Amino acid sequence: DEIIEKGFVTLDVVLSQDLGEHWNFKILGRNLLNPEIERTQKTRPSTTGIETNQVVRSYSNGARFSLGVNYSF
């Protein structure tokens, strides 16, 4: 049968602050919830004949953080 990827939720945050006329600071966080993503497939073993969902692949992308400083003149 087909492989099904269940939906998942991500959370991204961007904080930016201007200081004076020239300085800008930015904090960026991506995928903060870091959900586990699963792909499943319906299988029917020949011994039992009962249809079950089997996890084919499971992974997570990881969270990312960055800090930026910008000076414009």
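**Group meeting: a walk through an all-strand chain**

When I say two strands pair, I mean DSSP finds at least two bridges between them. Within that pairing, Ile4 sits opposite Thr40 of S4.

Before going on, some housekeeping. This is a predicted model, where local features need pLDDT of at least 70, side-chain atom pairs count only at pLDDT 80 or more, and totals for chains, interfaces and linings use all residues. Residues are numbered from 1 along each chain as its sequence is written, and side-chain values use heavy atoms, with hydrogens and water left out.

So what is in the chain? There are six strands and zero helices, giving the order β-β-β-β-β-β from the N terminus on. Both kinds of element are DSSP runs, numbered from the N terminus: helices are H or I with at least four residues, strands are E with at least two.

Back to our pair. S1 and S4 belong to an open, antiparallel sheet of three strands, in the order S1-S4-S5. S1 and strand S5 (52–59) are at the edges with a single partner strand each, so one side of each has no neighbour in the sheet. From one strand to the next, the twist averages 30°; for that, axes are lines fitted to C-alpha atoms, for helices over the stretch in contact, and angles run from 0 to 180 degrees between N-to-C directions. In general, strands of a sheet pair through backbone hydrogen bonds, either parallel or antiparallel.

There's another pairing to look at. Strand S3 (residues 23–30) and S6 are antiparallel and joined by eight bridges, with Trp23 opposite Tyr71 in S6. How many of the eight residues of strand S6 are buried? The number is zero, so S6 (residues 64–71) lies largely in the open. Here buried means under 20% relative accessible area, exposed means over 50%, and partly exposed is in between (1.4 Å probe, protein chains only).

Now the charged side chains. The structure holds four salt bridges, each being a side-chain nitrogen of Lys or Arg within 4 Å of a carboxyl oxygen of Asp or Glu. One of them joins Glu5 and Arg39, whose closest N and O atoms are 2.8 Å apart. That one links distant parts of the chain: Glu5 is in strand S1 (residues 3–5) and Arg39 in strand S4 (residues 37–43), 34 residues apart. Glu5 is partly exposed at 37% relative accessibility, and Arg39 is partly exposed too, at 29%.

Then look at Glu51. Its side chain meets Lys42 in a salt bridge at 3.9 Å, N to O, and Arg44 in another at 2.8 Å. Glu51 is partly exposed at 39%, while Arg44 counts as exposed at 54%. Through these shared partners, Lys42, Arg44 and Glu51 form one network.

Finally, let's zoom out. Along its principal axes, the C-alpha trace spans about 75 × 15 × 15 Å. The radius of gyration is 22 Å, whereas a compact globule of 73 residues would be near 11 Å; that radius is taken over C-alpha atoms, and the globule rule is 2.2 Å times the number of residues to the power 0.38. Buried residues make up 10% of the 73.
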